[in-house]
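Grab a pencil and work through these exercises on one protein model. Try each task before you read its solution.

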Amino acid sequence: DEAQDPLPPDGELRTLAAEEANHRKLYETVLRPLSKDQRLALAKTETGNSLMALCLDPDAQVIAAVMENDAVGLPHARLIAFHHRTSTGLEALAKRSAFLTHREVQRLLLANPMLGEGLFNRVLSQRRLKDIHKVVVSRDVPEKTKVRARGMLRQKFTARDPEERANLILSTEGRCLTHLVGVNVDAKTAAVMTRRQVQSALLVSNIARFPGTPAVLLLHLLKQPLVARSPGLKMALL
């Protein structure tokens, strides 16, 4: 469901890009020419459009000052998470737990190329395996974040309960197994999967190719009507 999706939908990114464009002119013409000390002072006291424009400041100290402003809210956090390009500035945003735990801010942070490893772990480590996999395969997430997500997926896969592991494999039709080579499907996860009827040829094919598939699961798939009708799938499993 959308509330649990760890990635920013296209419409949200377009909206944020438009918001940035609206405030960019104010920042470039009025605020950027000011000294850093002046911008720091304004960041702590300004409201309205000026405060929004200061969220576009590239200096991490200015962003930290924005976070100290009593008027700062979710719109400012969203803009900083989407736009700001220093890990220090993003960490300043994360100090406000109400913002860091907000799903929308989390989604935007994952799409930010300057997201640091510590903050990445805080955003994603408690999410479902399915959510982590979405980050791994997303076209909107930087490659560095994908690599971290792949490592986290492998680590969390062995630690989560069998039901969640099985649901990940089934819901992705086995596509997730590409990123889990070297990790075995354990007996408990296989037992959960053998209680389900399989109707996806892609799922069967991906499980058949996965080196860590236990024999009990292969035997279960051989009994499925879908496999009985497909000599190719049967041969792959055998």
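**Exercise 1. Find what Arg78 pairs with, and say what the pair ties together.**

Step 1: Arg78 forms a salt bridge with Glu104, and their closest N and O atoms are 2.5 Å apart.

Step 2: Arg78 sits in helix α5, while Glu104 sits in helix α8 (residues 103-110), so the bridge ties together parts that are 26 residues apart in sequence. Helices here are DSSP runs of H or I with at least four residues, and strands are runs of E with at least two, numbered from the N terminus.

Step 3: Arg78 and Glu104 are both buried. The word means under 20% relative accessible area; exposed means over 50%, and partly exposed is in between (1.4 Å probe, protein chains only).

Before you go on, keep in mind that this is a predicted model: local features need pLDDT of at least 70, side-chain atom pairs count only at pLDDT 80 or more, and totals for chains, interfaces and linings use all residues. Residues are numbered from 1 along each chain as its sequence is written, and side-chain values use heavy atoms, with hydrogens and water left out.

**Exercise 2. Work out how enclosed α8 and α4 are.**

Step 1: Take α8, the helix that holds Glu104. Seven of its eight residues are buried, so α8 is largely enclosed by the rest of the structure. Among them are Val105, Gln106, Arg107 and Leu108.

Step 2: Now α4, where six of the eight residues are buried, so this helix is largely enclosed too. The buried ones are Ala60, Val62, Ile63, Ala65, Val66 and Met67.

Step 3: What covers them? The cover includes α2, α3 (48-54), α5, α6 (87-94) and α7 (97-100).

**Exercise 3. Describe the salt bridge between Glu68 and Lys44.**

Step 1: The closest N and O atoms of Glu68 and Lys44 are 3.9 Å apart. This pair links distant parts of the chain: Glu68 is in the loop between α4 (60-67) and α5 (74-83), Lys44 is in helix α2 (residues 36-45), and they are 24 residues apart.

Step 2: Glu68 counts as exposed, because its relative accessibility is 52%. Lys44, at 44%, counts as partly exposed.

**Exercise 4. Is each partner in the bridge between Arg128 and Asp131 buried or partly exposed?**

Step 1: Arg128 and Asp131 form a salt bridge, with closest N and O atoms 3.1 Å apart.

Step 2: Arg128 has a relative accessible area of 35%, so it is partly exposed. Asp131 has 0%, so it is buried.

Step 3: Elsewhere, salt bridges that share partners join Arg24, Glu28 and Arg32 into one network. Searching the whole structure turns up 14 salt bridges.

**Exercise 5. Zoom out and describe the whole protein chain.**

Step 1: Count the elements: the chain has 17 helices and zero strands.

Step 2: Check the shape. The radius of gyration is 23 Å, whereas a compact globule of 238 residues would have one near 18 Å. That radius is taken over C-alpha atoms, and the globule rule is 2.2 Å times the number of residues to the power 0.38. Along the principal axes, the C-alpha atoms fill a box of roughly 75 × 30 × 25 Å.

Step 3: Look at burial: buried residues make up 49% of the 238 residues.

Definitions and conventions. Salt bridge = Lys/Arg side-chain N within 4 Å of Asp/Glu carboxyl O. Contact = heavy atoms within 4.5 Å.
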